[in-house]
Amino acid sequence: MLTITADDTASALPFDALIPALREGFRRGAHTPDRHSHSLDEASGASLLLMPSWSDGAYLGVKLVTIFPGNNAHGRPALSSAYILSSATTGEHLAVLDGDELTRRRTTATSALAASYLARPDSHVLLVVGAGHIGGMVPAAYRGRFDLRTVLVHDTDPAAAQRLVIRLRADGLAADVVTDLAAAAGRADIITCATLATTPVIHGAWLRPGTHLDLIGSFRPQMREADDDCLRLSTVYIDTPTALAESGDLVQPVTAGTFDPATIAGTLSQLCREEVPGRRDPDQITLFKAVGSGLADLAAAEHVLRSVVRSAA
């Protein structure tokens, strides 16, 4: 069994290769049960997630994720994960990959893939809300799909936002820290949120016509990044139907009766298969809500294994 480090996982997943691999994975599909979620400590929010997915006659993968939100206060990552890739024919374990790097890259690549269908092709201004490990990788994922001219960064920790801006400028992007989130949202063509917020940080009243809103952070019913008006004004897409059960951005307004899930325009698989239309109007506001999919993990891990094997040949 191969052990593939974080550096090797990252090297095998450049966005110009990963995004097409994800497109093919979502187009092809796989057997992907709902993730198993186990609360370890309700007081601290610590939890364990198990995410399986497999393709007949090809590969079987399982990601093990531990989430300990309290770690942030001690300077440790809140999330740790490992991915085990096996043969779906024999069950033989083929590789264990760094799950954190796999997750970061497939998460941001999934958003960029969705945006390739939903954002305006002439989008130039990206607003990143949340300057952590996921948010910090978003500009690189979008850069290959859009002619980004300005990246605006907002975080509740101004120092974290400044660190990301410095790194983006070193990578050749025009970037600035923003503190007035409402004004920044009004400037942005694409808004990506990657936070652990439990109350909305983006309001529909801030969105101008043509905006694409990408919501990454809310993966529990208690978490939320966008208010009801964002959904009311938008054509809404989701990565998988699991989002309706897991994300507070959908669970809360559905429960309150302010959003009808029947109005969801489609899933990412349907977009990739061209079964539903993407953006139809330059003034249309679009919203993509992802909670993460074992299918995306599997497609990314397959690509890593093929890349590592080719390099070793």
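**View 1. Helices α3 and α11 are roughly perpendicular to each other (an angle of 65 to 115 degrees), because their axes meet at about 110 degrees.** In this predicted model, local features need pLDDT of at least 70 and side-chain atom pairs count only at pLDDT 80 or more, whereas totals for chains, interfaces and linings use all residues. Residues are numbered from 1 along each chain as its sequence is written, and side-chain values use heavy atoms, with hydrogens and water left out. Helix α3 spans residues 99–118 and helix α11 residues 294–312, with their axes 10 Å apart, and the crossing of the two is right-handed. Leu102, Arg106 and Thr110 of α3 are in contact (heavy atoms within 4.5 Å) with Ala296, Asp297, Ala300 and Ala301 of α11. By class, this contact has four nonpolar, one polar and two charged residues.

**View 2. Ala112 lies in helix α3.** Ala112 has 0% relative accessibility and therefore counts as buried (under 20% relative accessible area with a 1.4 Å probe, protein chains only). Leaving aside residues up to four places away in sequence, Ala112 touches Ile19, Ala141, Tyr142 and Arg145. Gly144 is 32 residues from Ala112 in sequence, and their C-alpha atoms are 8.8 Å apart.

**View 3. The largest nonpolar core has 57 residues.** Such a core is a set of buried Ala, Val, Leu, Ile, Met, Phe, Trp, Tyr and Cys residues joined through side-chain atoms within 4.5 Å. Among the residues with the most contacts inside the largest core are Leu97, Leu113, Tyr142 and Val153. A second, separate core of 27 residues includes Leu207, Leu213, Leu287 and Val291.

Methods:
Buried < 20%, exposed > 50% of the residue type's maximum accessible area, 1.4 Å probe, protein only. Axes fitted to C-alpha atoms, helices over the stretch in contact; angles between N-to-C directions. Helix = DSSP H or I, 4+ residues; strand = E, 2+ residues; numbered from the N terminus. Parallel < 35°, antiparallel > 145°, perpendicular 65-115°, else oblique. Left-handed = near helix turned anticlockwise from the far one by under 90°. Nonpolar A, V, L, I, M, F, W, Y, C, P; charged D, E, K, R; others polar.
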